[in-house]
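This briefing is meant to be read with the sequence and the model side by side.

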Amino acid sequence: MSMSNKDYKPTLAQIRTFVTIAENKHFGAAANKLNISQPSLSQALVALETGLGIQLIERSTRRVLVTPVGEALLPYAKQTLEAADAFYNHARGADGSLTGPLTIGIIPTVAPYVLPNALTALKEEYPELKPRIVEDQTNHLVEALRDGHIDVNLMALPSHTSGLIDIPLYEEPFVLVVPADSKLAGQKNLKVSALNDTELLLLDDGHCLRDQVIDLCRAADVKPGVYSRVTRAASLTTVVQCVANGMGSTLLPVSALHSEIHRPGLAFATFEPAAGARRTIGLVHRSSSSRTAEIEQLGAVFKAAYESVPEKDI
């Protein structure tokens, strides 16, 4: 590469081209995403590299690689685009109200139970908002949030991730769902020790609810008989179905109770407050994001949606 041109100033389009190629590792896919032709894409990248006097992307016939200097510059390029998007969003909704596209990540043990109320409320209160919902496991959502593919996550806290800000919304108790003929059916003020020797059915690896239940048992030095015969359950509905068929018990967030408990053969029990059988749900966003006011408005909607779930106050 030749010396950089000191008067050169990269355009946002050129920076966006570099970031999109780096993320997709493929010229065709990047061009599609940006809705431009491949020659225009290559031209924009060459203009950026020539202007800066450095190679950002290494092209070979087989694959596209980001050079070490390209990797070093990538976070700054992403921050630049984020700042430009923030400028545009603020210009459109200068009052900080929820408008335009917003990608919301939600964990699977919250989405089915809180979303129906939340989406209805968002439509009524913020008709200009165009929400896009991504339901996925926590680690995937956090990664997508850090990479800028998602604007905000509704998930269990803390996120334990630098560069992200947690906004707690509500504490959600767990209830123990058991077969109707269990000796624990209908009991109140259970201690965690009641789980000793129970056959505890859990969601598949990767779900934060599974980790929370295991941590709860570990903290109370409780050893369930088996953590899971159902080793590949990806939804609470599947786990509860197995409980209804006498295969064990499970812990359910209280917001899921109304949707999941109305099957024959099921009962539930509640824990004493001191048991600590609960999780904190909140919103997580990038600390560099300038949409804090909007995210707080979104938080109020999700909190109200949780509070209006039926049979939550058991």
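In this predicted model, the largest cavity has a volume of about 40 Å³, and the structure holds one cavity of 30 Å³ or more.

**Lining of the cavity**

- The residues that line the largest cavity are Leu-201, Leu-202, Leu-203, Leu-209, Arg-210, Val-213, Leu-236, Thr-250 and Leu-251.
- Two or more residues of this lining come from each of the elements α7 (208–219) and β7 (250–253), and α7 gives the most, with three residues.
- By residue class, the lining of the largest cavity divides into seven nonpolar residues, one polar residue and one charged residue.

**Strand β3 and its burial**

- Strand β3, which spans residues 100–106, is mostly covered, with six of its seven residues buried.

**Pairing of β3 with β4**

- Strand β3 runs parallel to strand β4 (residues 129–135), and seven bridges join the two; within this pairing, Ile-104 stands opposite Ile-133 in β4.

**Pairing of β3 with β5**

- Strand β3 is also joined to strand β5 (residues 152–157), in this case by three bridges, and the two strands run parallel.

Terms used:
Residues are numbered from 1 along each chain as its sequence is written. This is a predicted model: local features need pLDDT of at least 70, side-chain atom pairs count only at pLDDT 80 or more; totals for chains, interfaces and linings use all residues. Side-chain values use heavy atoms; hydrogens and water are left out. On a 1 Å grid over the protein atoms alone, a cavity is a set of points where a 1.4 Å probe fits but cannot get out, and a pocket is an open set with protein on both sides within 12 Å along at least five of seven lines; lining residues have an atom within 4 Å of a point. Grid points are joined across faces, edges and corners, and a volume is the space filled by probe spheres set on the points. Helices (H or I, at least four residues) and strands (E, at least two) are DSSP runs, numbered from the N terminus. Ala, Val, Leu, Ile, Met, Phe, Trp, Tyr, Cys and Pro count as nonpolar, Asp, Glu, Lys and Arg as charged, and the others, Gly among them, as polar. Buried means under 20% relative accessible area, exposed over 50%, partly exposed in between (1.4 Å probe, protein chains only). Two strands pair if DSSP finds at least two bridges between them.
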